[in-house]
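The following paragraphs go through the structure shown below, one part at a time.

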Amino acid sequence: MDFIQEGFFQAVALLRNRDPATYSAISVTLRASGMAMVVSLLLGLPLGYLLGYFDFRFKKQIRIVVDTLLSLPTVFIGLVVYALLTRNGPLGETGLLFTIPGIAVGQAILALPIVIALTATAVEASDRNLRITLMSLGANRFQIAKSTLWEVRLGLLAAAVTATGRVLTEVGISLMVGGNIKWHTRTITTAIALETSKGEFGMGIALGLVLLLIALTVNISLAGLRRRI
Amino acid sequence: MDIYQIQDIDHYYGDKQVLSIEDISIPAASIVGLIGPNGSGKSTLLKLLGFLEEPTYGAISFKGKKTLPFSHEVRFTVTLLTQAPYLMRRSVFDNVVYGLKIRKDTKDLRSRVGRALDLVGLDPEDFAKRKWYELSGGEAQRVALAARLVLKPEVLLLDEPTASVDADSARLIRKASLQAREEWGATLVVATHDWQWLYETCDSVLHLLHGRLFKNGLGSAVYGPWKFGEEGFLHKEFEDGQVLVVPTPEEGKKLAILDPSRMKISLPGEDPLLKWKIDTLNGFVTRLFLERNGDMVQVDIKVAVLVITMRLALDKVEELKLYPGKKVSIAYDPRDIEWF
Amino acid sequence: MKKTVFMLVCLTTVLHGSIFFSGKFVHAAETGGELLLATTTSTDNTGLLDYLMPSFTVKTGIGIRWIATGTGKALKLGENCDVDILLVHAPQAEIDFVDQGFGVDRQQIMYNDFVLIGPTEDPAKIRGKGVSPALQAIKSSNTVFVSRGDNSGTNKKERLLWKLADMPIPEQETWYRQSGQGMLATINVAAELKGYTMADRGTYIKYESIAESKPALVVLVEGDDVLLNQYSIIPINLQHCANVKYDKAQVLSSWMAGDEAQRLIGEFKLLGKQLFTPNANRE
């Protein structure tokens, strides 16, 4: 139990002293997760809208598939992405293995089903009268899509928050695809994994607290956003 | 000029048929009422008139042309107000201004919104800034109406606009809608139970039942039970002992529709032999209503549980000296009865 | 609506700003043309590479990154052409690797030894014994023995020891625990369970230095010839992987075998003890 207490003090020390390895890990984490979230939102919001809004032949089945993808273990995704990005793999030429964009690709695969499923749910839950109102005021199909997404914006925010949380805290993808290379692809979570495997539990706790602090900061700003919209 | 021409449309939701209309014409700048019980298809018909959905079979002509949803001709000219007051999650101002922004018609937004709010009896200074959750049901419905009126639509479709609101809002909504017709000749189609709309405002009224149109009103629709009498005729017995004789229906049809336009009205006692004949019904006048054209009078006659509405020329009413409470006799031919 | 857009712009700016600012702490050598090395957890956990590699970069101008995993994975990464060069310690597997044409110019660089460590109380009484008698004693006393269980170089050596003692690999025995993890993690598991394990001396010294107060496990068996732990460096074969930075890999290989690196390796100490003995053959 001592190491938990030790971890607290270490966390403060790391941040105050601007420990370079820690700040490097923070930077790698933010960059990988940031890229992953941008991609998954750009793709996931429209796809989620289409899935939630329209009725089409295999809608139920596709929804089941998307919901199942929510249970993908990160190590599994990491392994699959490694297989894609390895030198002799289909995307080997891209040279993305052991890089931050490579990690972002894997994390985007993790985040995408979350964004799609929660967006679809939010859109489906929107009022029947919204469509009637929008059409009556003269909106075309594209404007209906835009305005519907804006109407369910709080649901979309929830989707983004959930996906971000999942992506910030995963280890399996960062480890397999990033390689945990110090200064380059070592994220906070892979650093925690490393430290605990070395028996440095205090350090593991410290880094975990740093990650929580980052998550807290992100969520405080999102809460501020939620109030204003 | 007819702004709407509907011929032979059938509309289904899945396997269930919800509308079957043979023929409706709606003249431009007229006010048409739509009445019928819940589930009769009023809202569906309004949605089709609003081009929010496409009829499963058949097409609706707008200004003489077959028209589909999202088409250019109707997107900016036909608008529907839903029964439940519904606003988007934004301020009153942004709600009212939405349609204008869609049309990229952004001059003088503030004053136009202000005028639209004035039209529905809401003070722009107070209301424009309010959020969607800071309004009563009646205020919300008025804002929704303002959002449509600001667009100066050629057709205004209203689905029970006064059903879910307070009396003041109901009055202001009616006033604003009429103003729309006055100012720019809007055509109004209003589904409503409100008597002020139906009797004081509408030029004509469409009756809907089970998705079909009943030209002569719903008071002349008679449900069973039907029995075979001693003389071998199918009939219904009313509580007061009177009997309505009907022809044998087709399989599955249970509703008999009388046609008041083919009935003859007379005063009892004129022909004493008529009193107990099988093709005569006795009742009394309950309501006289002068139509807007000034020539025809709607006469409601209560016969047992039925209310039969006949349209008589004004001089016929004077001749018979009809007044509410006066006893009358109606002669009908059972062969004029249709089954449904 | 305008206010929202403004808020979103602020949020994005803050986010990008913090990312950019924190990016300044990332290590300078982020250029392309870097060498990628796959090595084992034992090499990395001791801190040897952190200590040694900067000198390489200073001397040759070549930046280097490394991935520390188990030997099995390191060899796989080499075979898959995902890295340029290997530094591992599994001689038989290495020879196979070169025979299959995946690697070339295998060079011995340094060695240390494996030791059997256990609790100071030594319940199975193996202190001072030879390897085979020690393993026999552990088995007959049913004391916990923790294995890497991960097909690493260390693991392969351990399994060899059982074989040399004429004993079957104790797969199903309850006292034989396979951690599936790296060396330090395995030592920690053994410490928790008050059991025995086989570790390379370098990692053991690192463990000692972390456990500032008395370490729970001490060296009980050492010195047998069979406990030799040889580290070698193997550049990946250009014929097998057209993309590897073969020239730069050769530079690293020569440097590691050269005077400067060999001296630095010998000088690397923790708690005053030398972890690795340099033994590159200079032709």
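This is a predicted model: local features need pLDDT of at least 70, side-chain atom pairs count only at pLDDT 80 or more; totals for chains, interfaces and linings use all residues.

**From a sheet to the chain contacts**

In chain B, three strands make up an open sheet in the order β12-β13-β14, and their pairing is antiparallel. The two edge positions belong to β12 (227-228) and β14 (243-246) of chain B; each has a single partner strand, so one side of each is left without a neighbour in the sheet.

Which residue in β13(B) is the bridge partner of Phe228(B)? That partner is Leu234(B).

Next comes a pair of helices in chain A. Two packed helices are described by the angle between their axes and the distance between the axes. For helix α5 (residues 100-124) and helix α8 (residues 153-168) of chain A, the axes come within 9 Å and cross at roughly 160°. Angles over 145 degrees count as roughly antiparallel, which is why α5(A) is described as roughly antiparallel to α8(A). The crossing in which α5(A) passes α8(A) is right-handed.

From α5(A), the contact draws on Gln107(A), Leu110(A), Ala111(A), Ile114(A), Val115(A), Leu118(A), Thr119(A) and Ala122(A). From α8(A), the contact draws on Gly155(A), Leu156(A), Ala158(A), Ala159(A), Thr162(A), Ala163(A), Arg166(A) and Val167(A). Sorted by class, the contact of α5(A) with α8(A) has 11 nonpolar residues, four polar and one charged.

The chains also meet one another. Where chain A touches chain B, 13 residues of chain A are in contact with 18 residues of chain B. On the chain A side, α6 (128-136) and α7 (141-151) each supply at least two residues. Which helix gives the most to the side of chain A that touches chain B? α6(A) does, with five residues. By class, the residues of this side of chain A divide into four nonpolar, six polar and three charged.

There are two pairs of chains that touch, and the most contacts among them are between chains A and C. Chain B and chain C, by contrast, are joined by no contact, and their closest C-alpha atoms lie 9 Å apart.

Terms used:
Residues are numbered from 1 along each chain as its sequence is written. Chains are lettered from A and ligands numbered from 1 in the order in which they are written. Axes are lines fitted to C-alpha atoms, for helices over the stretch in contact, and angles run from 0 to 180 degrees between N-to-C directions. Helices (H or I, at least four residues) and strands (E, at least two) are DSSP runs, numbered from the N terminus. Angles under 35 degrees count as roughly parallel, over 145 as roughly antiparallel, 65 to 115 as roughly perpendicular and the rest as oblique. A crossing is left-handed if the near helix is turned anticlockwise from the far one by less than a right angle, and right-handed if clockwise. Two residues are in contact if their C-beta atoms, placed from the backbone, lie within 7 Å. Ala, Val, Leu, Ile, Met, Phe, Trp, Tyr, Cys and Pro count as nonpolar, Asp, Glu, Lys and Arg as charged, and the others, Gly among them, as polar. Two strands pair if DSSP finds at least two bridges between them.
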